[in-house]
Amino acid sequence: MKRIQLIALSMVLVLAYNCKDAKKAEKEGQSATDEPVQQIAEEANVEVIQFSMEPKSNSNVQGEVVFTEENGTVSMKATLSGLSAGEHAIHIHEKADCSSDDGTSSGGHWNPTHEPHGKWGADEGYHKGDIGNFTADEDGNAVVEFSTDQWCIGCEDENKNILGKAVIVHQGFDDFTSQPSGAAGARVSCTGIIE
Ligand SMILES: [Cu+2]
Ligand SMILES: [Zn+2]
């Protein structure tokens, strides 16, 4: 009898575990923490916006970028192709205007808190758009994932609101020290972040 109870209990545990796994998969693995039950109730509050990145500066760099806001954290996932192999910078720039051929219509780095350009999280300061560098593979493809609680999608706090800005991918990499934008070279892909 005891043995049967034990088997039944372990089956319940397996079921509970699978259920939790499925919930996590739904969230595309963005959350690093173990979710308490309470958080599942708030899942209706997820905001997702998606944009196509267009080539600039005579490049072939294009792709999709998705921003998801959930429980005060915004996650970005950019799926890119047409890059040269190696390191590239990706930033949020201040204006959702990709009209110029070289992407300069998007302005400088989004910097609502008036800090120096730098590496995300640096003590010396950094722009709210200083996402950083990523590496494209030999075929010129890359997936860039980033998440932070210092952004929001359409909230009142203009130090956090990414709407009305642009995502820019650069030909070169960000050195994190050159001012005002890390000497990352030409702007090879752009999209406006608009609702
Ligand atoms: Cu940039
Ligand atoms: Zn910057």
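**Metal sites, sheet and core**

H109 and H117 are both buried, a term that stands for under 20% relative accessible area, with exposed being over 50% and partly exposed in between, using a 1.4 Å probe and protein chains only. Please note that this is a predicted model, in which local features need pLDDT of at least 70 and side-chain atom pairs count only at pLDDT 80 or more, while totals for chains, interfaces and linings use all residues. Residues are numbered from 1 along each chain as its sequence is written, chains are lettered from A and ligands numbered from 1 in the order in which they are written, and side-chain values use heavy atoms, with hydrogens and water left out.

Which residues are the protein donors of the zinc ion (ligand 2)? They are H109 (ND1), H117 (ND1), H127 (ND1) and D130 (OD), lying 1.9 to 2.1 Å from the zinc ion. Donors here are N, O and S atoms within 2.8 Å of the metal, or 3.2 Å for Na, K and Ca; water is not among the atoms, so sites may look incomplete. Along the sequence, the zinc donors follow the spacing H-x7-H-x9-H-x2-D. The four donor atoms subtend angles of 99 to 120° around the zinc ion, and the arrangement is therefore tetrahedral, which requires all angles to lie between 85 and 135 degrees. For four tetrahedral donors, the ideal angle at a metal is 109.5 degrees.

The copper ion (ligand 1) is coordinated at 2.0 Å by H91 (ND1), H93 (NE2) and H170 (NE2). Their spacing in sequence is H-x1-H-x76-H. H91 in strand β4 and H170 in strand β7 are 79 residues apart, so this pair links distant parts of the chain; strands are DSSP runs of E, at least two residues long, numbered from the N terminus. H91 is buried, with a relative accessible area of 0%, and H170 is buried at 4%.

I turn now to the sheet. Eight strands form an open sheet in the order β5-β4-β7-β8-β1-β2-β3-β6, with antiparallel pairing; two strands pair if DSSP finds at least two bridges between them. At the edges stand β5 and β6, each with a single partner strand, so one side of each has no neighbour in the sheet. Strand β3 (residues 73-81) is joined to β6 by seven bridges, and the two run antiparallel. In this pairing A78 stands opposite V144 in β6.

Next, the aromatic residues. Rings of Phe, Tyr and Trp (its six-membered ring) pair if their centres lie within 6.5 Å, with planes under 30 degrees apart counted as stacked, over 60 as edge-to-face and the rest as tilted. On that basis there are five aromatic pairs. The rings of W120 and F146 have centres 5.0 Å apart and planes at 90°, so this pair is edge-to-face. W120 also pairs edge-to-face with W151, with centres 6.2 Å apart and planes at 85°. F67, W120, Y126, F146 and W151 form one aromatic cluster. F146 is buried at 15% relative accessible area, and W151 is buried at 0%.

Finally, the largest nonpolar core has 28 residues, and among those with the most contacts inside it are F67 and W151. Such a core is a set of buried Ala, Val, Leu, Ile, Met, Phe, Trp, Tyr and Cys residues joined through side-chain atoms within 4.5 Å. Its largest share, four residues, comes from β3.

Conventions: Four donors count as tetrahedral if all angles lie between 85 and 135 degrees; four count as square planar and six as octahedral if opposite donors are over 155 degrees apart and all others between 65 and 115; anything else is irregular.
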